[in-house]
Amino acid sequence: MTAVAGSALVTGASRGLGAAIATGLAAAGHPVAVGYREGREAAQRVVEAIRAAGGTAEAVGGDVTTEAGVRRAVDAAEAALGPVGVLVVNATGPQPRTPTVGLDLAQVEPMLDFFVRSPVLLMASVVPGMVARGGGRIVHVGSEVAWSAPAGAAAYVAAKGAQHALARVSAKDLGPHGITVNTVAPGWVPVERHADADPADLAAYAATVPLGRQGTPGEVASAVVWLASAEAGFVTGTVLPVTGGASMP
């Protein structure tokens, strides 16, 4: 695939899906900024693996739920690798159970910080440069919960639904500037933070997947890499489920 001009910034890339996405983008020819909030050592390991494979990468720190943190991360990425041409909105936080009974704003606001506030701040930082250069790629890492709406996850579902909607309207607003905005929506793809997951829960979810298994981080990364490529230049405003058919929007 042909890489879009400019560097790629992947938020929350020190581990999990973000690390796989950063690695995939680097393999496709993008200089990659590996974003992290606290896990500098883990981010640096991702950078070193990318470099060992012949790619270009730098670790960039910053809390992307804050204006100062976004500015710090974007400034570091552009100083090291050049203007951001691809933004992957991936950073996330804890996802505790939040049933609707007893739900309050204190439970919802942290989710909105990651899935609405952070994307807005990131776009405010990188979109002007994309507009000036005549194009760019924005890929949100969403979730199947935006339409499957599992019980007991009201805060997460609401925030992910808002993120999906933000991506869609952004696609319409930014299309005239040559900027595509799309969402990759994985199902339950086990990563490091699921190390303590109950094997029975993993098996129960896999049983709902028509393809008979759970996905891998690399499969999610491949979808992001394609949407960030020149070949996907006429694709915008879409949600690409990476769920093995477990759920469909």
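Predicted model: local features only at pLDDT ≥ 70, side-chain atom pairs only at ≥ 80, totals over all residues.
H1 brings Leu 17, Ala 20, Ile 21, Gly 24 and Leu 25. H8 answers with Pro 217, Gly 218, Val 220, Ala 221, Val 224 and Val 225. By class, the contact has 9 nonpolar and 2 polar residues. No charged residue takes part.

Next, turn to the nonpolar cores. In soluble globular proteins, nonpolar side chains tend to be buried together. Here the largest nonpolar core has 36 residues. Those with the most contacts inside it are Leu 9, Leu 87, Leu 122, Met 130, Ile 138, Ile 179 and Val 181. Five elements are listed as giving two or more residues to this core: helices H3 (67–81), H4 (105–133) and H6 (154–174), and strands S4 (84–89) and S6 (179–186). H4 gives the most, with 10 residues.

Leaving out residues up to four places away in sequence, Leu 9 touches Ala 33, Val 60, Val 74, Val 84, Val 86, Leu 87, Val 88 and Leu 122. A second, separate core has 35 residues. Among them are Tyr 36, Ile 50, Val 88 and Val 224. Val 224 also belongs to the H8 side of the contact with H1. Val 88, likewise, is one of the residues that Leu 9 touches.

How values were computed. Residues numbered from 1 in each chain as written. Heavy atoms only, no water. Contact = heavy atoms within 4.5 Å. Helix = DSSP H or I, 4+ residues; strand = E, 2+ residues; numbered from the N terminus. Nonpolar A, V, L, I, M, F, W, Y, C, P; charged D, E, K, R; others polar. Core = buried A, V, L, I, M, F, W, Y, C linked by side-chain atoms within 4.5 Å. Buried < 20%, exposed > 50% of the residue type's maximum accessible area, 1.4 Å probe, protein only.
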